[in-house]
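Hi,

Here is the structure I promised to pass on. Have a look, and my notes follow below.

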Amino acid sequence: GSHAYAHLWDNGVNAAQELNRVMEVRKKALENFSEKNIRPGQPMASLEEVLVPVYMFHRYQVEAAVKLIGGTNYNYALRGDGQLVNELVPAQEQYQALEALLNTIKTDVLLIPDHILSLLPPRPPGYERSRETFKNRTGVTFDPLGAAETAADLPIRLLLHHQRAGRLVEYHSINVEYPGLHEVIDQLFSVSWKATRQQGLAGEVQRVVDRLVLYHVMQLAANQQATGQVRAISFNQLQKLKSWLELAMRSERDQGQIAHFSFALLEINEFLDDPQKSVGGKPLTLPDGSPIGQDVSLFYCDY
């Protein structure tokens with residue numbers, strides 16, 4: 001959607017400012033997260049059902065804030081009724097929203113603290129994963145990288161939606177003060193691939209975000225529903241990232257990072273050779289949100 005003030009779940013006067021506030025609430029909740037979040041006698045593994053809505057506490061505010069970027073304020077006005085007809089979201093508000101959204105994919109935000117990871121064993125028999133638990137890639141164990149992938153994918157996917165990308169191109173052409181698609185992708189590269197590298201689990205979280213950004217830029221470049229200029233800008237950004245990776249490889253000494261860069265170059269080269277080839281590595285999907293704690297079958301009738 002493009003309307004700056006039409007959201008399913010939204011609080012606050014300004015969606016971007018409210019996202020920043022929500023992230024502070026989320027941070028505090030994660031700091032205080034403990035075994036006391038479940039009743040005595042419950043399996044410790046069931047803490048994951050509590051962790052999901054805390055870790056993803058910002059999900060609906062992300063959906064609200066992203067609508068400011070390439071967004072409009074309009075009414076279904078009638079001639080002579082005096083209503084505002086149509087106006088673009090001011091450039092400053094768009095940049096504030098972009099900054100707030102980029103903060104949600106930074107490593108310190110996505111990294112689940114050690115004190116929480118130590119509380120989450122494999123799930124016991126009879127307590128299978130459900131629509132309200134994280135998808136994972138590690139079998140029976142809790143997957144902190146899978147959780148980070150799930151959380152980071154949402155803002156990146158929404159930022160690079162092909163219709164929003166088209167509006168970014170159009171509005172930037174009307175007035176260069178508005179953010180353009182090239183700026184949004186540049187900023188995504190800056191907080192992912194080009195960010196200062198970290199070690200350990202934090203480094204792995206960074207690599208997860210890197211791959212998500214690359215995946216969605218390639219998806220945008222290959223999207224035949226996107227405008228020609230959207231695809232052209234996306235292809236150009238992939239070429240620029242390729243050149244940066246080739247240069248970065250020359251001075252890189254960490255074997256994990258070398259593997260990461262090498263695989264990215266392989267994927268980019270294959271994609272540039274055949275853009276319609278299926279882009280691999282489809283991200284994990286979000287756990288279901290509302291209604292939380294209910295059997296989904298209660299809310300859908302099958303006639």
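What pattern does the chain follow, read along the sequence? The answer is α-α-α-β-β-α-α-α-α-α-α-α-α-α, which comes to 12 helices and 2 strands. Helices (H or I, at least four residues) and strands (E, at least two) are DSSP runs, numbered from the N terminus. The radius of gyration, taken over C-alpha atoms, is 21 Å, close to the 19 Å from the globule rule for 303 residues, so the chain is as compact as a globular protein of that length. That rule is 2.2 Å times the number of residues to the power 0.38.

Before you go further: this is a predicted model, where local features need pLDDT of at least 70, side-chain atom pairs count only at pLDDT 80 or more, and totals for chains, interfaces and linings use all residues. Residues are numbered from 1 along each chain as its sequence is written, and side-chain values use heavy atoms, with hydrogens and water left out.

Along its principal axes, the C-alpha trace spans about 65 × 60 × 45 Å. Of the 303 residues, 46% count as buried (under 20% relative accessible area; exposed is over 50%, partly exposed in between, with a 1.4 Å probe and protein chains only).

One spot to look at is proline 122, in the loop between α6 (114-117) and α7 (144-159). Proline 122 is partly exposed, at 41% relative accessible area. Leaving aside residues up to four places away in sequence, proline 122 touches Ala45, Val140 and Thr141 (contact means heavy atoms within 4.5 Å). Valine 140 is 18 residues from proline 122 in sequence, and their C-alpha atoms are 5.4 Å apart.

Cheers
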